[in-house]
Amino acid sequence: MLHGSSPLSASTPTYTDPAWQRSMALKLDFNNMMEGAIGHVEGLEAGDVWGLQGRMMDVHRQISERSGRGGEFLGFLDLPYQGQDDLDAIQAAADRLAALGDRHVVLGIGGSYLGARAVIEALKNPYRNDISRQRRKNRPRLFWEGNSIDTDVMHALMGMLPAQRPEGIDDAFTVNVISKSGTTLETAVAFRFMQQRLKQIYGADHAEYVVATTDAQKGTLKGIADAEGYQQFPIPDDVGGRYSVLTAVGLLPAAIAGVNIHELVAGARFMADRCKNPDLHANIAYLYAVLRHLSYKSRRTVSVMASWTKRLEYFTFWYDQLCAESLGKDGQGVIPVATVNTRDLHSRGQQVQEGPRSMVVTNLVLETPDWDVVVPKVEGNADGLDYLAGKHLSEMVLSAMEGTAYAYAREQRPSMNLLIPQLNAFTLGQLIYLFELATVAEGYLMGINPLDQPGVESYKNFMFGNLGRADKAAYKAEFDARPKGSSDFMV
Ligand code: PA5
């Protein structure tokens with residue numbers, strides 16, 4: 001243990017205790033959105049916020065009756081209430097894979113990738129791939145692929161994986177391939193490499209080392225998994241990719257890494273129960289949607305999510321994707337920007353403080369970190385930092401956060417703080433459900449379908465056409481006939 005550091009959070013899981021659950025409730029402090037803090041030109045009036053209650057009743061009806069646009073994909077609302085048996089089956093598969101090899105490769109992109117990674121990065125040691133298996137409690141190191149097309153990274157991964165049947169657990173590896181459609185090119189190509197290597201080293205036994213998370217009935221991956229005899233987990237038909245983190249898509253990798261998935265789902269359930277009440281004074285997800293909507297309507301087209309802990313960096317990426325793919329439609333939609341502070345105060349901070357008045361900031365504030373670390377006193381005080389000696393790093397980050405929010409406010413720049421009492425599976429489950437529900441609510445306030453992604457098909461058509469897929473030949477023809485560029489515009 002680092003000298004001067006001490007654990008702050010209770011490590012005993014107490015997530016079923018209602019009093020503990022209440023102590024872990026997320027809170028939204030939006031004072032710095034309001035005219036009292038940032039003036040009447042830029043700030044909101046209380047009547048603006050509570051005045052949207054009537055519209056939110058309609059949004060609530062569309063969500064709870066699943067009658068709004070894309071309502072057939074609102075199955076994520078049920079996930080906090082999924083059966084314990086389903087979770088136990090995921091846990092059992094995770095334990096089996098964890099015992100087979102110390103390297104686990106997760107293949108998936110977009111909604112089939114970011115949620116799982118966000119959960120693990122938030123809850124596990126940031127250097128977990130570099131610490132001993134024993135310190136990882138016998139859970140494997142994780143590698144994430146199939147989330148891009150990158151020849152150098154694929155080459156590096158293949159170079160690290162064994163080419164012959166490994167002797168011990170250290171080199172042995174397992175694969176979880178995740179794709180709802182079962183046809184996503186990035187993931188499918190990466191799986192082709194992994195499958196070939198697994199067959200090379202394990203021969204007929206290779207199926208034991210693979211789990212496929214995909215559609216229950218259809219898709220190429222489903223066909224492969226059936227033919228090869230891979231263990232499978234279905235993604236429900238009514239759950240869209242970026243809303244699927246609380247299915248096996250996110251839960252299996254999380255369980256493999258040793259996250260308590262029962263606690264994660266319990267946290268989501270706590271938030272879902274809380275959000276059954278449509279009253280904006282009680283419903284934090286609807287309130288967040290309203291604040292963002294009002295802000296967007298006052299031409300704040302950029303929404304900066306600023307995490308004040310590195311542990312939530314991937315969570316900001318997860319939200320970035322959720323927001324961008326859900327709300328960027330019909331010529332509308334706030335542009336999400338993912339940041340971690342204080343790191344990004346040295347870049348984005350300048351822009352938020354003095355750039356265009358098009359930004360609104362959501363601070364993710366971790367109130368009590370797991371560990372507190374005290375700045376040491378050093379002899380001679382050569383760095384002049386003795387005024388900090390004895391101070392806690394958590395105190396420093398809070399000072400930075402409060403100072404930054406005030407610096408924004410005095411320049412009439414809005415921000416709000418989402419307060420997270422501790423970072424554990426329970427609070428992370430709350431965060432996931434909160435942002436999923438808020439995104440749908442915000443989409444309905446905008447009048448768009450937050451549950452589809454027709455725009456993403458466009459690049460795929462031309463990519464597949466260019467790569468020679470027969471059924472996309474028309475796209476190839478259109479591409480070939482496109483206006484050609486001029487050398488005048490190439491320097
Ligand atoms: O949210 C979405 O629907 C997308 O981001 C998908 O998750 C992503 O495109 C991956 O799709 P699939 O799981 O079909 O491979």
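Predicted model: local features only at pLDDT ≥ 70, side-chain atom pairs only at ≥ 80, totals over all residues.
**The ligand and its surroundings**

- The ligand has 13 residues around it, and S112, S179, S181, T184 and Q321 come nearest; a residue is near a molecule if one of its heavy atoms lies within 4 Å of it.
- By type, this shell divides into nine polar residues, three charged and one nonpolar. Here Ala, Val, Leu, Ile, Met, Phe, Trp, Tyr, Cys and Pro count as nonpolar, Asp, Glu, Lys and Arg as charged, and the others, Gly among them, as polar.
- The side chain of Q321 places an N or O atom 2.7 Å from an oxygen atom of the ligand.
- The backbone takes part too: a polar backbone atom of K180 is 2.7 Å from a ligand oxygen, and a polar backbone atom of R242 is 2.9 Å from a ligand oxygen.
- The ligand taken alone exposes 390 Å², of which the protein buries 89%; accessible areas come from the Shrake-Rupley method with a 1.4 Å probe, and for residues only the protein chains shown count as cover.
- The space that the ligand takes is the second largest pocket. A pocket is an open set of points on a 1 Å grid over the protein atoms alone, where a 1.4 Å probe fits, with protein on both sides within 12 Å along at least five of seven lines. A molecule sits in a pocket if more than half of its atoms lie within 2 Å of its grid points.

- T339 is part of strand β9; helices (H or I, at least four residues) and strands (E, at least two) are DSSP runs, numbered from the N terminus.
- T339 is buried because its relative accessible area is 2%; buried means under 20%, exposed over 50%, and partly exposed in between, with a 1.4 Å probe and protein chains only.
- D344 counts as buried because its relative accessible area is 11%.
- A polar atom of the D344 side chain lies 2.8 Å from the backbone nitrogen of V340.
- T342 is found in the loop between β9 (335-340) and α14 (348-354), and the peptide bond from N341 to T342 is cis, with omega near 15 degrees.

**Positive phi without glycine**

- K137 is not a glycine, yet has a positive phi of about 55 degrees. K137 sits in the loop between α6 (114-123) and β4 (141-145), and is exposed because its relative accessibility is 68%.
- D330, which is not a glycine either, has a positive phi of about 55 degrees. D330 belongs to the loop between α13 (313-327) and β9, and is exposed because its relative accessible area is 56%.

**Residues in the helices**

- Q195 lies in helix α8 (residues 185-202) and counts as buried because its relative accessibility is 14%.
- The side chains of Q195 and Y230 are joined by a polar contact of 2.8 Å. A polar contact is a pair of N or O atoms within 3.5 Å; within protein, one must be able to donate a hydrogen and the other to accept it, and residues adjacent in sequence count only if both atoms are side-chain atoms.
- V249 is in helix α10 (residues 248-256) and is buried because its relative accessible area is 2%.
- V249 and P234 are 15 residues apart in sequence, and their C-alpha atoms are 8.8 Å apart in space.
- D226 belongs to helix α9 (residues 220-228) and is partly exposed because its relative accessible area is 44%.
- Between D226 and D279, 53 residues apart along the chain, the C-alpha separation is 47 Å.

How values were computed
Residues numbered from 1 in each chain as written. Heavy atoms only, no water. 1 Å grid on protein atoms, 1.4 Å probe; cavity = no way out; pocket = protein on both sides within 12 Å on 5 of 7 lines; lining within 4 Å.
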